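Subject: Structure handover and notes

Dear colleague,

I am passing on the structure below, together with notes on what was found in it. Please read the notes with the structure open beside them.

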Amino acid sequence: MSERKVLNKYYPPDFDPSKIPKLKLPKDRQYVVRLMAPFNMRCKTCGEYIYKGKKFNARKETVQNESYLGLPIFRFYIKCTRCLAEITFKTDPENTDYTMEHGATRNFQAEKLLEEEEKRVQKEREDEELNNPMKVLENRTKDSKLEMEVLENLQELKDLNQRQAHVDFEAMLRQHRLSEEERQRQEQEEDERETAALVEESRKRRLLEDSDSEEDTSPTQPQPALRPNPTAILDETPKAKRKAESWERSVGTLGSRPQLSGLVVKKTGLDTSIRRGRAPPLPDEETEAQKGGATCPEPYSWGVMKNGQVAGPAPQMPGTSSLSQLGVYSDSEDSSGSN
């Protein structure tokens with residue numbers, strides 16, 4: 001089996017290359033090549049800008065009856081990227097450049113046009129001097145006169161600068177040295193000022209931290225223990241108020257409930273007890289009450305006067321007294337209030 005990539009080919013002994021027929025291709029045959037735009041151009045149809053370096057699949061052909069020093073000139077056909085209009089340009093071996101032919105205008109070629117104009121003027125002058133010797137003399141005279149004028153103007157400018165500008169290099173160096181020293185001194189003063197500010201700030205911060213630490217470490221003064229006020233119990237009267245209210249609700253005032261008001265007797269004198277319809281207490285009982293200092297009501301009360309006479313004592317329930325009845329009423333109200 002033979003190799004896939006064969007470098008040496010077999011030629012038979014009777015091989016004659018002159019007998020190989022040649023293809024007759026046209027001279028203006030076109031080839032498809034891949035190229036980049038050689039310069040910036042703008043399409044004349046749609047105004048689209050085509051920048052230098054943009055790639056195209058172009059058709060290349062050789063220009064007939066046109067060459068430069070035996071070098072062929074090639075023409076390229078491309079299409080606009082927007083409107084697909086055809087644009088053509090060809091090579092320019094004389095100027096080592098490309099020239100635009102059809103379909104677009106070249107941008108940024110003002111310098112090139114200026115150079116071309118200068119070359120054209122120079123070429124016309126050379127052609128004119130070649131056929132007219134007097135023109136050569138005139139041109140030389142004009143050139144020498146122009147050169148002398150330029151030299152005179154340059155000398156005047158030099159003299160003017162020397163008169164107006166007397167440069168003292170020593171003074172310049174001295175001024176530069178002084179300015180450099182002043183700048184260094186200002187920088188040093190600014191550094192010292194910043195250093196002093198930083199030191200002052202750190203000192204204040206340290207003092208503040210020390211004061212805070214002293215406040216934290218200082219022992220706190222013990223608060224004196226609050227002594228109970230002996231008379232504070234007198235101010236706590238909610239229970240007494242509740243008892244008084246229960247007393248009024250159960251017994252009432254002296255004139256509200258006559259069946260219970262007779263149980264309470266206020267000793268304010270003989271006349272007062274008589275006006276209230278009660279008999280004065282017996283001498284023995286009054287003496288005993290005064291001796292004992294008791295202000296509570298007596299265990300019995302006298303009835304109301306009828307027809308100018310004092311009625312006898314009110315009958316009492318056997319085994320009970322008025323004081324025990326009052327205690328029952330007060331206890332019942334306390335229990336109801338606590339509930």
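The UniProt annotation "binding site", which comes from an unreviewed entry, covers Cys43, Cys46, Cys80 and Cys83; UniProt positions are given in the numbering used here, feature names are shortened, and annotations may be inferred rather than shown by experiment. These four residues span 41 residues in sequence, yet no two of their C-alpha atoms are more than 8.8 Å apart, so they gather at one spot. Please keep in mind that this is a predicted model, in which local features need pLDDT of at least 70 and side-chain atom pairs count only at pLDDT 80 or more, while totals for chains, interfaces and linings use all residues. Residues are numbered from 1 along each chain as its sequence is written, and side-chain values use heavy atoms, with hydrogens and water left out.

Cys46 lies in the loop between β2 (41-43) and β3 (49-50), where helices (H or I, at least four residues) and strands (E, at least two) are DSSP runs numbered from the N terminus. With a relative accessibility of 25%, Cys46 counts as partly exposed, buried being under 20% relative accessible area, exposed over 50% and partly exposed in between (1.4 Å probe, protein chains only). Apart from neighbours within four places in sequence, Cys46 is in contact with Cys80, Arg82 and Cys83, contact meaning heavy atoms within 4.5 Å. Cys80, by comparison, is found in the loop between β5 (71-79) and β6 (86-92) and counts as buried, at 1% relative accessibility. Again leaving aside neighbours within four places in sequence, the contacts of Cys80 are Cys43, Cys46, Glu48, Ile50, Ala85 and Ile87.

Turning to the strands, β1 (residues 31-36) and β4 (residues 55-68) pair in the antiparallel sense over six bridges, two strands being paired if DSSP finds at least two bridges between them. Within that pairing, Met36 has Lys55 of β4 as its bridge partner. β4 also pairs with β5, in the antiparallel sense and over six bridges, and there the bridge partner of Glu61 is Arg75. The hairpin formed by β4 and β5 has two residues between the strands, and Leu69 in the turn has a positive phi of about 55°.

β5 is in turn joined to β6 by five bridges, the two strands running antiparallel, with Lys79 standing opposite Glu86. Six residues lie between the strands of this hairpin, in which Leu84 takes a positive phi near 60°. β6 itself is mostly covered, since six of its seven residues are buried. Five bridges also join β6 to β7 (residues 97-102), again antiparallel, and Phe89 stands opposite Met100 there; the hairpin of β6 and β7 has four residues between the strands, with Thr96 in the turn at a positive phi of about 50°.

There is also an open sheet of three strands, with the order β3-β2-β8 and antiparallel pairing. In this sheet β3 and β8 (104-106) stand at the edges, each with a single partner strand, so one side of each is left without a neighbour in the sheet. β2 and β3 pair over two bridges, and Arg42 stands opposite Tyr49 in β3.

Finally, ring pairs link Phe39, Phe76, Phe89 and Tyr98 into a cluster, where rings of Phe, Tyr and Trp (its six-membered ring) pair if their centres lie within 6.5 Å, and planes under 30 degrees apart count as stacked, over 60 as edge-to-face and the rest as tilted. Arg106 lies over the face of Phe39, at 4.3 Å from the ring centre, and the charged end of Lys60 sits over the ring of Phe74, 4.9 Å from its centre; for this, NZ of Lys or CZ of Arg must be within 6 Å of the ring centre and within 35 degrees of the ring normal.

With best wishes
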